[in-house]
Amino acid sequence: FSKNEASNHGGAIWICGGTMTAEGENSFSENSAVKHGGAIYLTYITLADNTRDGAVIYVNGAEFENNSALGGGAISIRTDCEANLTDVTLTGNSVEGDDGTNDGNGEGGGAIYVGYGTLNLTNVTLTGNTSSGYGGAIAAAGATITAKGTEFNSNEALYGGAIAATSSSKITVSDNTLFDSNTAKTGGAIYLDSASVATISNSSFEKNTSSGGDGGAILIADSSSKGTSKTTLNLQEVTFKGNTASSKGGAISTDTSSVNLVINADNCTFIENKSLGAGGGAVEIQNGNCNSATDPTELKIVFKNCTFESNTAKTTGGAIEIRTNSCAKIDGITATKNASAAKNNGGVIYLTSNYSRLYLTGDVTLSGNTAQSGTFAYLYNNNYTNPPRIYTTHSNTASWVAQLGGNTSSVTYGLSEMP
């Protein structure tokens, strides 16, 4: 299917209900649609009983190259529809006209757009796809997406170089999926917003870049419009290596004015990530989940048995910076050769502003971290009403205590229980 054009949707194929299977070496190249689905457009048909029959496709071994549209450069998946892609490559597909305003005119997804539908990827490669707004490779709104053994390489967008997930989308990534060298203004690989949930395991983020903002690999944005729903990032045995933020959070950054934020990171590794404009060489947490002087009974940002090595910040917090209204728990940490910039503080961790809290338990292993003061952690107090604090199960004779700086009187030792 080559160089087909549609004045509406589906440059090559428009499927309305039913099921289609494409096997073998099918090729979709240089197809275009004025609106959505440069190569394929999936939608539903309303049956006599007012139920919907959403289109379902199974594509095995196909290539999608240089297709374009306003939304879903190669494929657009609409409400109640499903696409299952196996051993597929999507290269150089593009979306233009999505200005990132989320006004519905441009939906993003340089390769694929999923709006309240389902996308399953197995051994898929997405390379060099671009969007002028959301999701260089994939844009998701209210969608369910799984990716296994998939590679996202050198995709580019304004928000989410590889994936942008909004409107309570659910993203599951596993089986050695790789995000490599993706670029966006914010959220170099993934942009997560509006009560969406991403669960990522046994995968890697390498050399992704936020070129004009925060979150070299992942940006978690504001979910305040979703009431009690929480934008959630779950990480299990994920590696972040060599990611760069032009501002804050070389690997991960939060940009939220609400308390509806959850991060669970278990046995993750952060290596050689950099923040070039501010703090948090690996992780920047701001406006996270504390908005009163009362200490939380349920901590929603937890790093368990994670390793931080050779991360650097231009200013403070070589590995982690915890800012305004944020409470984080660290349950076991290994930190080696992390550094805040010359004449700045907090080689590993920096806490600043009102209601910033760190709850520390588990083993703490430190080596070769550097800072002007507080090679492990620094508590900055600029006459805040509720200044930064550390609560810990450790005693005040623990080896890391000598590596604290700043307002060390705001550390509470020897707690028998932690939230």
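Ser-203 sits in the loop that joins strand E28 (197-201) to strand E29 (204-206), where strands (E, at least two residues) and helices (H or I, at least four) are DSSP runs numbered from the N terminus. The model is predicted, so local features need pLDDT of at least 70 and side-chain atom pairs count only at pLDDT 80 or more, while totals for chains, interfaces and linings use all residues. Residues are numbered from 1 along each chain as its sequence is written, and side-chain values use heavy atoms, with hydrogens and water left out.

Although Ser-203 lies in a loop, Ser-203 is buried, with a relative accessible area of 2%; buried means under 20%, exposed over 50%, and partly exposed in between, with a 1.4 Å probe and protein chains only. A polar atom of the Ser-203 side chain lies 2.8 Å from the backbone oxygen of Ser-201. Once neighbours within four places in sequence are set aside, Ser-203 is in contact with Val-173, Ser-174, Asp-175, Asn-176, Thr-177, Glu-237, Val-238 and Thr-239, contact meaning heavy atoms within 4.5 Å.

Thr-232, in strand E32 (residues 231-236), counts as buried because its relative accessibility is 12%, and, not counting residues up to four places away in sequence, Thr-232 touches Leu-192, Ser-196, Val-197, Ala-198 and Val-262. Tyr-58, in strand E8 (residues 56-60), counts as partly exposed because its relative accessibility is 37%. The C-alpha atom of Tyr-58 is separated by 6.1 Å from that of Leu-85, 27 residues apart along the chain, and the contacts of Tyr-58 beyond four places in sequence are Thr-19, Met-20, Thr-21, Ala-22 and Asn-84.

In soluble globular proteins, nonpolar side chains tend to be buried together. Here the largest nonpolar core has 90 residues, of which Phe-64, Leu-90, Ile-112, Phe-270 and Phe-303 touch the most other members; such a core is a set of buried Ala, Val, Leu, Ile, Met, Phe, Trp, Tyr and Cys residues joined through side-chain atoms within 4.5 Å. A second, separate core of 8 residues includes Tyr-113, Ala-139, Ala-141 and Ala-221.

Two further loops hold residues other than glycine with a positive phi. Asp-80, in the loop between strand E11 (75-77) and strand E12 (82-86), has phi near 65° and counts as partly exposed at 42% relative accessibility. Ser-167, in the loop between strand E23 (163-166) and strand E24 (170-174), has phi near 55° and counts as partly exposed at 22% relative accessibility.

Conventions. A polar contact is a pair of N or O atoms within 3.5 Å; within protein, one must be able to donate a hydrogen and the other to accept it, and residues adjacent in sequence count only if both atoms are side-chain atoms.
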